[in-house]
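Welcome, and thanks for taking a look at this one with us. Here is a short briefing to read alongside the sequence and the model.

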Amino acid sequence: MEPQSPLLRELAAAVRHGIPDAVGTFWRHAATKGTPLVEPDPEGDPAWRLVTFLWRDDPARPASDVLALLHTVTDKDRHAGDLAPHLMGKVDGTDVWAIGHRLRADHRASYQFFAAHGPREETLRADRKSWLRVLDSAVPDPFSTLPQLPSRDGRNPSSVMALPDAPVQEWAGPRPGTARGVRADAVVDGRRVHVHLPAGHRADGGPYPVIVLLDGEMWGPVLDFGTALDNLYADGRLAPAVTLMVDTMGRARRMEDLSCSEEFVDWMADVLLPWAAQAYGATDEAARTVVAGQSAGGLTAAFAAFRRPERFGNALSQSGSFWWPDGTEFDGGSEWLTRQFAVSGKRPVRIRLEVGLQEWMLLPQNRHLRNVLEARGYDVAYGEFNGGHDYACWRGGLAAGLAALLAPR
């Protein structure tokens, strides 16, 4: 292959001229600086970068092909055969696999690699079974210097690419000396709930603001969002709150509950919140209660504020699936909830929306809901981040959104 990257072109030239240990020198540089390579835009635009992902071949078992799985960026076009945007090329005479993408300098995304050992046509199969096999075997970047993003279902963690202008996620990682809050697991009316309490919490010290966070099995045990909460409290950016991370109890149950389910929203309002008030001193004040979610959870967070505004005075929706209820988000969607906001009486709630610029299937619907809410006079905040349907992006937006909605008084 003829690489785009200037550094890789230098490597290719060094190999052609027989410079000793050129490949070893290149990999030592990669290990020191970290990967992917981030270089100036070949078109000279300072708002963009050339980003080159690298994989080092295993001499004991060389790969037949390598896929670089850059979240959302390489998802939608992976049916494109040999021109697929996730198919890496090998630099002649080296063990270096590489692929370059021209990306805006504020982009953030998780990514993994899949080293294949078989025919290319099998590697690039895009049916569900084949794609799941790729995802089950994909691994993080061994040369990345950023903390990895944990995965669930036994899969390997992902690496994270954060280009120079990407929003800083200063609360994401653990900090030495920061007081850790209390983590607890509970079962409320048969449903698992992961509870986070701020350091120094006392049940009789409330009433405390309350955060209901959907897909709690990810935000609690997998991603440990409690660390971000601890940092926000330590920085004085978030009022100490009772956080309830609600487990979705499996894929089938999730689809049922997180699709504008009146039953589920009423359970949160009438069972979960009273339980938290009794057990942990959580407030019953709607204005100090936030419900937050992503994807179908983002849809449900907005629906909870619509259906039960007397309990949920704040909704934080990230990448909300506002195309619902059609069977696919790619057919235009009916946007049922947006129409309800348009034709129903205005609720006394605040709504915060954010969506990724790479979310080709969700961006128009989120913009439409924003327009409807603004036209109806809602207190709405709206933002777009340069990323995809990705926890690597959501964790930063969730922290910032909660800080905006529940700032200390």
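## A buried charge, a kinked helix and some salt bridges

Glu39 is buried but takes part in no salt bridge, and the nearest side chain of opposite charge, that of Arg9, lies 7.6 Å away. Please keep in mind that this is a predicted model.

**Around Glu39**

- Glu39 sits in strand S1, which covers residues 37-40.
- What does the side chain of Glu39 make a polar contact with? The partner is the side chain of Ser5, at 2.6 Å.
- Leaving aside residues up to four places away in sequence, Glu39 touches Ser5, Pro6, Leu7, Arg49, Leu50 and Thr52.

**Salt bridges**

- The model holds 25 salt bridges.
- One of them joins Arg56 to Asp95, with the closest N and O atoms 2.9 Å apart. This pair links distant parts of the chain, 39 residues apart: Arg56 belongs to strand S2 (residues 48-56), while Asp95 lies in the loop between strand S4 (89-90) and strand S5 (96-104).
- Are the two partners buried or partly exposed? Arg56 is partly exposed, at 37% relative accessible area, whereas Asp95 counts as buried, at 18%.
- Asp106 forms a salt bridge with Arg104, and their closest N and O atoms are 2.8 Å apart. Arg104 is partly exposed, with a relative accessible area of 31%.
- Asp136 forms a salt bridge with Arg155, the closest N and O atoms being 2.8 Å apart. Here too, distant parts of the chain are linked: Asp136 is in helix H4 (residues 128-137) and Arg155 is in the loop between H4 and strand S7 (159-162), 19 residues apart.
- Asp136 is partly exposed at 45% relative accessible area, and Arg155 is partly exposed at 29%.
- Through shared partners, salt bridges also join Glu262, Asp266, Asp270, Arg307, Arg308 and Glu310 into one network.

**Helix H8**

- H8 spans residues 262-280, a run of 19 residues. From its first C-alpha to its last, H8 reaches 26 Å, close to the 27 Å expected at 1.5 Å a residue.
- Where is the kink in H8 centred? The kink, of about 30°, is centred on Met268.
- Buried residues of H8 are Phe264, Val265, Asp266, Trp267, Met268, Ala269, Leu272, Leu273, Ala276 and Tyr280.
- After H8 comes Gly281, whose phi is positive, near 75°.

**Around Leu214**

- Leu214 lies in the loop between strand S10 (210-213) and helix H5 (216-222).
- With 1% relative accessibility, Leu214 counts as buried.
- Leu258 is 44 residues from Leu214 in sequence, and their C-alpha atoms are 8.8 Å apart in space.
- Beyond residues up to four places away in sequence, Leu214 touches Trp219, Val246, Leu258, Phe264, Met268, Ala292, Gly293, Gln294, Gly297, Thr300 and Ala301.
- Among these contacts is Met268, the residue on which the kink in H8 is centred.

Note on methods. Residues numbered from 1 in each chain as written. Predicted model: local features only at pLDDT ≥ 70, side-chain atom pairs only at ≥ 80, totals over all residues. Heavy atoms only, no water. Helix = DSSP H or I, 4+ residues; strand = E, 2+ residues; numbered from the N terminus. Buried < 20%, exposed > 50% of the residue type's maximum accessible area, 1.4 Å probe, protein only. Lys, Arg positive; Asp, Glu negative; His and termini not counted. Salt bridge = Lys/Arg side-chain N within 4 Å of Asp/Glu carboxyl O. Polar contact = N/O pair within 3.5 Å; in protein donor to acceptor, adjacent residues only side chain to side chain. Contact = heavy atoms within 4.5 Å. Expected span 1.5 Å × (residues − 1). Bend = angle between axes of the 7 residues up to and from the residue.
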